[in-house]
Amino acid sequence: MAVILNERRELLVCRRGKEPAKGTLDLPGGFSDCDETSEEGVAREVKEETGLDVTHTEFLFSLPNTYLYSGFLVHTIDNFFRCTVAETRTAHAMDDAAELFWIPLAEVRPSEFGLESVKKGIGKLLDLQRRGKLASCE
């Protein structure tokens with residue numbers, strides 16, 4: 001999952017365009033392919049969903065998850081990365097993101113995110129922010 005902050009300390013979020021949790025908030029991201037690292041996978045997913053080019057990734061934390069895929073419950077690990085992008089102004093919804101927008105960190109609410117592991121991740125992210133441990137945009 002990609003944590004992308006702009007210069008105003010706003011978080012880039014997307015509205016899910018597909019099930020599960022269609023219509024709820026999410027972070028850009030997805031599954032890594034078998035032939036790529038987690039860092040490469042998050043950069044590719046960010047490009048596919050937002051059109052933005054990731055220039056740097058920093059691992060923040062991971063959370064265990066289950067994900068219903070093609071009728072099967074798959075056990076996964078969600079990796080959360082702080083992603084720096086070349087620039088933020090050209091972000092636009094693509095792929096399975098129905099909409100993209102920026103939310104000030106002070107207004108982010110975990111309950112608005114549809115997937116349980118992302119809700120937990122947003123809670124951890126906000127805790128890092130409160131403790132001053134979330135790297136700045138620059």
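1. A residue is called buried when its relative accessible area is under 20% and exposed when that area is over 50%, with partly exposed in between. The model under review is a predicted one. Arg16 counts as buried because its relative accessibility is 12%. This arginine is placed in strand β2.

2. The surroundings of Arg16 deserve attention. Its side chain is joined to that of Asp26 by a polar contact of 2.5 Å. Beyond residues up to four places away in sequence, Arg16 touches Ala21, Lys22, Gly23, Thr24, Asp26, Tyr67, Asp96, Ala98 and Leu115.

3. Strand β2 belongs to an open sheet of three strands, ordered β3-β2-β6, with antiparallel pairing. The edges are held by β3 (25-26) and β6 (97-104); each has a single partner strand, so one side of each lacks a neighbour in the sheet. Strand β2 covers residues 10-16 and is joined to β3 by two bridges. Arg15 has Leu25 of β3 as its bridge partner.

4. Most residues other than glycine have a negative phi, and most peptide bonds are trans. The peptide bond from Glu19 to Pro20 is cis, with omega near 0°, and Pro20 lies in this loop. Ala21 counts as buried, because its relative accessibility is 19%.

5. A positive phi, near 50°, is also found at Ser70, in the loop between β4 and β5. Is Ser70 buried or exposed? Its relative accessible area is 61%, so Ser70 is exposed.

6. A nonpolar surface patch of about 340 Å² is made by Tyr69, Phe72 and Val74. Val74 is placed in strand β5, which comprises residues 72-85. With a relative accessibility of 34%, Val74 counts as partly exposed.

7. Gly51 occupies the loop between α1 (38-50) and β4 (54-69). Its relative accessibility is 19%, and therefore Gly51 counts as buried. Which residues does Gly51 contact, leaving aside its neighbours within four places in sequence? They are Val46, His92 and Met94. The C-alpha atom of Gly51 is separated by 9.8 Å from that of Thr88, although the two residues are 37 residues apart along the chain.

Notes: Residues numbered from 1 in each chain as written. Predicted model: local features only at pLDDT ≥ 70, side-chain atom pairs only at ≥ 80, totals over all residues. Heavy atoms only, no water. Helix = DSSP H or I, 4+ residues; strand = E, 2+ residues; numbered from the N terminus. Buried < 20%, exposed > 50% of the residue type's maximum accessible area, 1.4 Å probe, protein only. Contact = heavy atoms within 4.5 Å. Pairing = 2+ DSSP bridges. Patch = residues over 30% accessible without salt bridge, like charges linked within 9 Å, V, L, I, M, F, W, Y side chains within 5 Å. Areas by Shrake-Rupley, 256 points an atom, 1.4 Å probe, with all protein chains shown as cover. Salt bridge = Lys/Arg side-chain N within 4 Å of Asp/Glu carboxyl O. Polar contact = N/O pair within 3.5 Å; in protein donor to acceptor, adjacent residues only side chain to side chain.
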